[in-house]
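These are my notebook entries on one structure. I record what I looked up, in the order in which I looked.

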Number of protein chains: 2
Amino acid sequence: MASRRSQIVLGLDPDPARLWPRALELAGGDRQGGPTAPAVERAARAVAAHCRLVLEAAGEECVAVKPQMACFERLGAPGWAALAETVSAARTQGLMVIADAKRGDIDISAKAYGQAFFSGTPSPFGHIPSLGVDALTANPLLGRDALEPLVEAGRAAGCGLLVLVRTSNPGAADVQDQELRGGGSVSRLLARLVDELGRPGIGHSGLADVGAVTGATVPERLESLRAEMPNAVLLLPGIGAQGATGRELAPAFAPGPAGGLVSASRGIVYAHERGAPPGGDPAEAARREAARLRELVWGLYA
Amino acid sequence: MASRRSQIVLGLDPDPARLWPRALELAGGDRQGGPTAPAVERAARAVAAHCRLVLEAAGEECVAVKPQMACFERLGAPGWAALAETVSAARTQGLMVIADAKRGDIDISAKAYGQAFFSGTPSPFGHIPSLGVDALTANPLLGRDALEPLVEAGRAAGCGLLVLVRTSNPGAADVQDQELRGGGSVSRLLARLVDELGRPGIGHSGLADVGAVTGATVPERLESLRAEMPNAVLLLPGIGAQGATGRELAPAFAPGPAGGLVSASRGIVYAHERGAPPGGDPAEAARREAARLRELVWGLYA
């Protein structure tokens with residue numbers, strides 16, 4: 001983060017119905033995904049091309065990329081191939097990759113997710129490589145023993161976990177904001193769990209390998225959550241499309257500029273639609289918006 | 001369920017390192033997954049063959065199959081293809097398919113998961129079909145607005161959701177058993193959410209299209225959770241490998257024999273390892289164990 005002077009995470013939520021026009025052109029001309037291929041193959045080619053173009057345009061201004069798994073899964077096996085291609089393109093560009101998968105499952109299944117994203121899978125046919133991401137978002141509803149296998153797999157691979165603590169959607173209040181009889185909210189309980197799980201994984205930077213997702217839409221909670229997790233990297237969605245802007249995010253950066261990751265996706269990818277007049281070059285608008293965000297956040301907290 | 005006289009859900013958690021020997025033979029001889037193919041292709045072929053064999057052996061005794069997504073995801077795109085093949089084989093056999101994905105995400109991403117599992121995805125290249133399952137397990141930590149898009153997509157397709165309310169792992173106590181200041185546990189709050197979401201989807205059977213996962217390992221909670229969700233189908237993992245047996249599951253079946261789905265995976269698939277002496281035919285042992293469970297549960301509650 002220091003060398004790139006950026007805390008911006010480029011969210012990739014590709015919608016086949018809303019890709020950059022150039023991506024559709026590229027997919028149409030490609031042999032594998034040509035006009036006679038099934039719709040799903042062509043859509044997956046177009047999604048991969050779109051992500052490559054977005055990375056080329058805005059990647060330089062960012063420190064990480066965050067593919068939303070749902071958007072690739074809806075394209076089945078070809079979608080997973082497009083995801084793998086996108087992960088590989090991002091890593092070639094020197095970007096970290098955060099798989100936004102929000103996984104969470106019990107023991108043996110959690111171990112399988114750890115293999116899928118971090119460590120790979122042993123088989124009688126040889127080792128099967130993982131998706132090879134740097135971090136994974138995880139859902140903690142199933143408790144500590146469901147997170148531990150993910151932490152272990154990540155830690156062994158030099159990777160990390162970002163645990164949902166307080167999400168940015170209105171419905172987060174339904175469960176995460178509930179007050180417990182013993183005091184504090186569910187989110188605060190989750191924050192303490194993040195802190196405990198991450199403690200053995202604090203690096204020379206002072207940051208742990210278990211971080212948290214804490215929506216930028218609730219800055220008033222950020223300070224108390226940060227107090228529970230002094231060493232956690234906080235992923236802050238909701239900056240662009242959803243609202244929050246600047247100063248109120250300060251607690252995220254208390255441990256230093258790398259304490260907070262500011263996620264933006266549609267705000268960057270569809271920046272050209274908000275231009276005056278709208279309709280300019282998507283790549284140029286995306287680069288400019290990513291640069292604006294990078295400077296805004298780095299200027300405030302570095 | 002009435003016509004099959006079965007409440008048994010066959011869990012498929014294929015581990016490439018622990019497949020039935022016959023599946024390895026089949027994968028070795030297959031052209032697509034032959035000896036020169038990459039490890040991941042061969043492993044995915046073997047996993048698909050294993051699932052087909054398990055379905056052929058034990059499917060007849062069951063009412064549904066429950067593939068664990070993590071086990072397929074760790075094989076990347078070929079794993080997703082093996083999953084699609086397994087789903088299709090199960091449906092051909094007349095089994096319902098429950099994708100054990102435990103998904104949960106905000107608005108636009110939840111909608112994308114709904115497309116992935118239920119409704120399919122519109123694209124400029126034509127409609128992209130979904131995985132085509134009958135039900136999906138979902139994680140409710142993100143609240144009502146994160147579940148609604150999944151309920152809607154499922155309902156439109158005549159499919160359902162099974163929401164995590166009280167899981168069967170020890171760590172479930174960390175969050176789900178927490179008592180709220182307003183009274184009741186987190187699980188009870190989730191049960192009420194399940195009931196509300198499912199109410200518009202109650203069919204002529206009296207059962208709703210939003211059900212719950214309530215581990216059979218905590219039968220003492222089953223009665224109070226059932227009281228909150230009188231119309232929900234309860235998926236009960238933990239019967240075989242994890243412990244619970246019979247009578248204590250009665251509250252699950254209060255609305256009738258279809259009120260409870262009893263999930264078993266390793267108990268059936270690895271039944272041959274527990275034989276006396278161990279090492280008999282895996283298919284025969286699986287069929288026998290599935291039949292035993294079917295009769296046990298149907299006998300108690302039908």
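The entries below go from the whole chain to single elements and residues.

**Entry 1: ground rules.** I note that this is a predicted model, in which local features need pLDDT of at least 70 and side-chain atom pairs count only at pLDDT 80 or more, while totals for chains, interfaces and linings use all residues. Residues are numbered from 1 along each chain as its sequence is written, and chains are lettered from A and ligands numbered from 1 in the order in which they are written.

**Entry 2: chain A as a whole.** I found 11 helices and 8 strands in chain A; helices (H or I, at least four residues) and strands (E, at least two) are DSSP runs, numbered from the N terminus. The C-alpha trace of chain A spans about 60 × 55 × 40 Å along its principal axes. Of the 302 residues in chain A, 62% are buried. A residue counts as buried if 20 or more other C-beta atoms lie within 10 Å of its own, as exposed if 12 or fewer do, and as partly exposed in between, with C-beta atoms placed from the backbone.

**Entry 3: the core.** Which residues touch the most other members of the largest nonpolar core? They are A:Val163, A:Val194, B:Val163 and B:Val194, in a core of 220 residues. Such a core is a set of buried Ala, Val, Leu, Ile, Met, Phe, Trp, Tyr and Cys residues joined through C-beta atoms within 7 Å. In soluble globular proteins, nonpolar side chains tend to be buried together. Neighbours within four places in sequence aside, I list among the contacts of A:Val163 the residues A:Leu147, A:Leu190 and A:Val194; a contact requires C-beta atoms, placed from the backbone, within 7 Å.

**Entry 4: helix H5 of chain B.** I see that 11 of the 13 residues of H5(B) are buried, including B:Tyr113, B:Phe117 and B:Phe118. The buried residues of H5(B) pack against helix H3 (69–73) of chain A, and also against strand E3 (96–103), strand E4 (135–138) and helix H6 (144–156) of chain B. Just after H5(B), B:Gly120 has a positive phi of about 85°.

**Entry 5: B:Asp177.** I located B:Asp177 in the loop between helix H7 (172–175) and helix H8 (186–198) of chain B. Why is B:Asp177 classed as partly exposed? The reason is that 15 other C-beta atoms lie within 10 Å of B:Asp177. Leaving out neighbours within four places in sequence, B:Asp177 is in contact with B:Ala172, B:Ser185 and B:Ser187. The C-alpha atoms of B:Asp177 and B:Arg188 are 8.7 Å apart, at a separation of 11 residues along the chain.

Terms used:
Contact = placed C-beta atoms within 7 Å.
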